[in-house]
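Let's take a walk through this structure together. Have the sequence and the 3D view ready, and we'll go piece by piece.

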Amino acid sequence: RNPKKEGMKKMLQQVQAVFSFGMEQGYCFSNPAKRIYARDYFKFCDLSTRSNEERSFSSEDIDKLRTYCLGDRKNPHAAMMLVAMETGMRVGELAALKHEDIEDGFIHVHRQQVIQFDSEDDTKRHWIDVEYTKNERTNPKGGRLVPITDRCQSALNIALELPGESEYVFHHPDGRAVLKDSYLYYLRRRCKALGIKISHNHAFRVTYNAKLIEAGVDGNERCLVLGHSMQTNERHYSFSDRRKAEDVRNKLNELEMA
């Protein structure tokens, strides 16, 4: 096996948690995993990283997806994708979005859809809503507000026109909320059909962050809208890829010709 560094760290965290639980329950009296350090195994990990072009959708990709979704506007998955590209919301946040969360000019993001396994039969699972987002799981702060732009409002209007009635913004005709897995499956299928290499919802967040930067929104404001820390924003969302470099080159050429 050749895991990523993050995968190695998470695996060791799980092993340590198992032994900690065992000590609490009296199954064992020590935690040997505490003497294992992830950094000692990084040399065996896959240290390659995705290029910036592979982490975000290009403007051409967004145009293709938007055109397709507009033609499939009665499909709740298409409506969800249109809102995703205009807000950078996480897939669990989109799935749990309710009409009451849409306020004057803003979307109040404060819950997410998560999977829950049966306590007696871990092969059975179901989806539930929890009143916190990913970054507020251990310290809920009431969520965040995402501004509704004109294009975002148009996407929400399409969602409001979906057949059937439901408390959820994205729902099936019988009122059932759209599940995370079904939306992600729809997104992957659409990207493959359109010849788009990227096929994960997170790319909408990265693209939306780049859009905020272009609009002159500072780092603190971007963190408030996207719902993560400044450190996370700088590490995973801010980038300078080939498309940006080409923009710089064009501007320099224009300056030289002036």
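Helices α3 and α7 meet at an angle of about 40°, with their axes 7 Å apart. Axes here are lines fitted to C-alpha atoms, for helices over the stretch in contact, and angles run from 0 to 180 degrees between N-to-C directions. The two helices are therefore oblique to each other; angles under 35 degrees count as roughly parallel, over 145 as roughly antiparallel, 65 to 115 as roughly perpendicular and the rest as oblique. From α3, the contact uses Met81, Ala84, Met85, Glu86 and Thr87, and from α7 it uses Phe204, Tyr208 and Lys211 (contact means heavy atoms within 4.5 Å). Sorted by class, that makes five nonpolar, one polar and two charged residues. Ala, Val, Leu, Ile, Met, Phe, Trp, Tyr, Cys and Pro count as nonpolar, Asp, Glu, Lys and Arg as charged, and the others, Gly among them, as polar.

A word on what you're looking at: this is a predicted model, where local features need pLDDT of at least 70, side-chain atom pairs count only at pLDDT 80 or more, and totals for chains, interfaces and linings use all residues. Residues are numbered from 1 along each chain as its sequence is written, and side-chain values use heavy atoms, with hydrogens and water left out.

Now find Tyr183, which sits in helix α6. Tyr183 is buried, with a relative accessible area of 0%; buried means under 20%, exposed over 50% and partly exposed in between, using a 1.4 Å probe and protein chains only. Leaving aside residues up to four places away in sequence, Tyr183 touches His77, Met80, Met81, Ala84, Val91, Val178, Asn201 and Phe204.

Next comes helix α2, residues 59–71. Its buried residues are Asp61, Ile62, Leu65, Arg66 and Cys69. Looking down the axis of α2, they fall within an arc of 125°, so they line one face of the helix (the arc is that of the directions from the helix axis to the C-beta atoms). They pack against α3 (76–87), α5 (150–160), α6 (180–193) and α7 (202–214). Turned away from that buried side is a face with the exposed residues Glu60, Thr67 and Gly71.

Stepping back, the protein has 10 helices and five strands, where helices (H or I, at least four residues) and strands (E, at least two) are DSSP runs, numbered from the N terminus. Buried residues make up 38% of its 258 residues.

Note on methods:
The expected span of a helix is 1.5 Å times one less than its number of residues.
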